[in-house]
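Take a walk through the structure below.

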Amino acid sequence: MATMVLTYRVKRRQLIRLAAGTALSATALAGCGLLDDDPEPVPPPDALQPVLDEALQLAAAYDRAVLAEPGLAKRLQPLAEDHRAHAAELARVIGVTLPSGAPASSAPVAGGDAADSVATLRKAELAALKTASAACRTAPAARAGLAGSIAAARATHAEALR
Amino acid sequence: MSAELSAALAAEEAAIYAYGILGVQLTGEGDLAEARAAEAAHRARRDALVSRLSALQASAAPAPAGYDLPFEVTDRAGALKLAIQVEDGVAQAWRAVLPASEGADRATALNALIDAAVRATRWRRLGEVTPATMAWPGRA
């Protein structure tokens with residue numbers, strides 16, 4: 001973590017030098033957050049954050065599908081539960097708190113996004129499998145098993161939806 | 001990493017043995033096709049592991065001539081139950097390779113973990129075991 005923050009500060013200094021030497025407009029600078037009073041640097045996103053985002057999105061997509069077609073509940077709810085378990089563990093490892101009212105903890109809302117079909121859900125699982133696989137291949141040792149099991153779970157979900 | 005690869009090899013050897021036993025109890029074309037494909041996959045993994053361990057100059061214990069099965073397999077239900085257990089075990093062995101490896105070895109272990117987990121899900125579906133998936137394949 002210390003290294004990441006350091007990298008960020010270097011980049012920030014470079015940005016400031018760049019800004020000083022060029023005629024960037026005040027709005028552009030404000031957009032970059034360089035003129036903010038807040039000295040807290042925003043840490044770069046965690047490598048597992050995309051895997052967490054997908055877990056939450058998939059859980060919500062299953063919830064919507066079940067709401068639209070309750071007959072699918074027995075088939076889809078276990079998959080949604082797997083994604084919620086992944087999201088909880090990823091949030092713990094990354095060190096973030098899942099937003100309250102996020103799909104992981106709230107009931108699905110009727111009239112939201114159109115419910116996905118089973119075929120669409122399967123496609124989303126396969127895309128999410130790629131993300132988790134890539135994360136596993138490059139993860140530090142301590143996270144490799146976590147990302148690997150999530151990738152495998154997503155592959156089995158796609159299989160279960162065939 | 002050699003210790004984890006050796007454990008994966010032992011799991012693959014056990015899987016090959018188990019499919020020989022459980023295949024006898026299968027008669028349906030779908031079951032048989034699945035079992036044949038699975039056994040071929042385990043043989044390919046075993047061969048790749050033998051050559052990788054040889055390249056690493058690591059010695060692996062020879063496969064035992066037989067195994068104590070966790071239960072007697074006398075019918076299709078028992079065969080499917082054993083197939084599920086075998087694939088879960090193979091998934092666990094390969095998952096343990098992940099933190100011990102990197103690069104191509106990590107990628108191979110990941111593919112093997114995913115393949116075993118998917119086969120376990122296919123057997124659960126064939127055996128109408130629900131749920132057909134688990135949140136953490138390979139986690140013991």
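Start at Trp94(B). Leaving aside residues up to four places away in sequence, Trp94(B) touches Ala8(B), Ala109(B), Ala112(B), Leu113(B), Ala116(B) and Gly138(B). Keep in mind that this is a predicted model.

The largest nonpolar core has 75 residues. Trp94(B) is among those with the most contacts inside that core, along with Leu113(B), Ala147(A) and Ala151(A). From chain A, two or more residues each come from helix 3 (49-68), helix 4 (73-94), helix 5 (118-138) and helix 6 (141-160). Helix 3 of chain B holds the largest share, with twelve residues.

Now turn to the place where the chains meet. The contact takes 22 residues from chain A and 22 residues from chain B. On the chain B side, the elements giving two or more residues are helix 3 (76-97) and helix 4 (103-126). Helix 4 of chain B gives the most, ten residues. What is the make-up of the side of chain B that touches chain A, by class? There are 14 nonpolar, three polar and five charged residues.

Step back to chain B as a whole. Its secondary structure comes to four helices and zero strands. Along the sequence the pattern reads α-α-α-α. Of the contacts in chain B with a separation of 6 or more, 75% join residues 24 or more positions apart.

What about overall dimensions? Along its principal axes, the C-alpha trace of chain B spans about 40 × 35 × 25 Å. A compact globule of 140 residues would have a radius of gyration near 14 Å. Chain B has 15 Å, so the value agrees with that expectation. Buried residues make up 41% of the 140 residues in chain B.

Is Thr27(B) buried or exposed? Thr27(B) is exposed, because its count is 9 other C-beta atoms within 10 Å, and the exposed class takes 12 or fewer. Thr27(B) and Thr133(B) are 106 residues apart in sequence. In space they are 25 Å apart, C-alpha to C-alpha.

How values were computed: Residues numbered from 1 in each chain as written. Chains lettered and ligands numbered in written order. Predicted model: local features only at pLDDT ≥ 70, side-chain atom pairs only at ≥ 80, totals over all residues. Contact = placed C-beta atoms within 7 Å. Nonpolar A, V, L, I, M, F, W, Y, C, P; charged D, E, K, R; others polar. Buried ≥ 20, exposed ≤ 12 C-beta atoms within 10 Å, placed from the backbone. Rg over C-alpha atoms; globule rule 2.2 N^0.38 Å. Core = buried A, V, L, I, M, F, W, Y, C linked by C-beta atoms within 7 Å.
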